[in-house]
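The stops below go from one selection to the next.

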Amino acid sequence: MVTRTTNNTMTLDDAHDIFGHLNHQELKNMLKNISDIELCDNSKEVQSCTTCIKGKLTGANIPKESTSKKTEIGELIHSDVWGPAQIKSYQNYSYL
Ligand SMILES: [Zn+2]
């Protein structure tokens with residue numbers, strides 16, 4: 001929940017929520033250039049954001065390098081499999 005202390009002053013955590021969960025350092029840099037918004041004195045304390053933590057948990061750990069080398073074209077295929085779609089088309093087709 002966002003609560004402004006005055007019309008032009010807000011906490012760093014409130015600004016974090018308002019500006020799309022931008023990291024705090026970039027947020028401070030950005031707000032230096034906006035004369036209408038000031039951060040509160042107590043905004044130096046950084047609270048952990050549940051939304052950001054949950055967002056980072058959903059990311060898959062992708063290795064930087066492959067552990068197996070393929071020598072032939074088509075030997076290894078990567079694909080993104082999705083479906084079937086829960087909603088059918090107007091012609092009652094199902095998409096897989
Ligand atoms: Zn956040």
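**A loop residue to start with**

Select His-21: with 12 other C-beta atoms within 10 Å, it is exposed, because the cut-off for exposed is 12 or fewer. This is a predicted model. His-21 sits in the loop between helix 1 (12-18) and helix 2 (24-32). Check its backbone as well: phi is positive, about 65°, although His-21 is not a glycine.

**The whole chain**

Now colour the protein chain by secondary structure. Of the 96 residues of the chain, 7% count as buried. Among contacts with a separation of 6 or more, 45% are between residues 24 or more positions apart.

**After helix 3**

Move to the segment after helix 3 (50-57) and select Trp-82, which lies there. Is Trp-82 buried or exposed? Trp-82 is exposed, since 8 other C-beta atoms lie within 10 Å.

Next, select Gly-83 and Pro-84. The peptide bond that joins them is cis, with omega about 0°. Pro-84 also belongs to the segment after helix 3.

Finish at Asn-92, again in the segment after helix 3. Asn-92 is not a glycine, yet its phi is positive, at about 70°. It counts as exposed because it has 6 C-beta neighbours inside 10 Å.

Methods. Residues are numbered from 1 along each chain as its sequence is written. This is a predicted model: local features need pLDDT of at least 70, side-chain atom pairs count only at pLDDT 80 or more; totals for chains, interfaces and linings use all residues. A residue is buried if 20 or more other C-beta atoms lie within 10 Å of its own, exposed if 12 or fewer, and partly exposed in between; C-beta atoms are placed from the backbone. Two residues are in contact if their C-beta atoms, placed from the backbone, lie within 7 Å. Helices (H or I, at least four residues) and strands (E, at least two) are DSSP runs, numbered from the N terminus.
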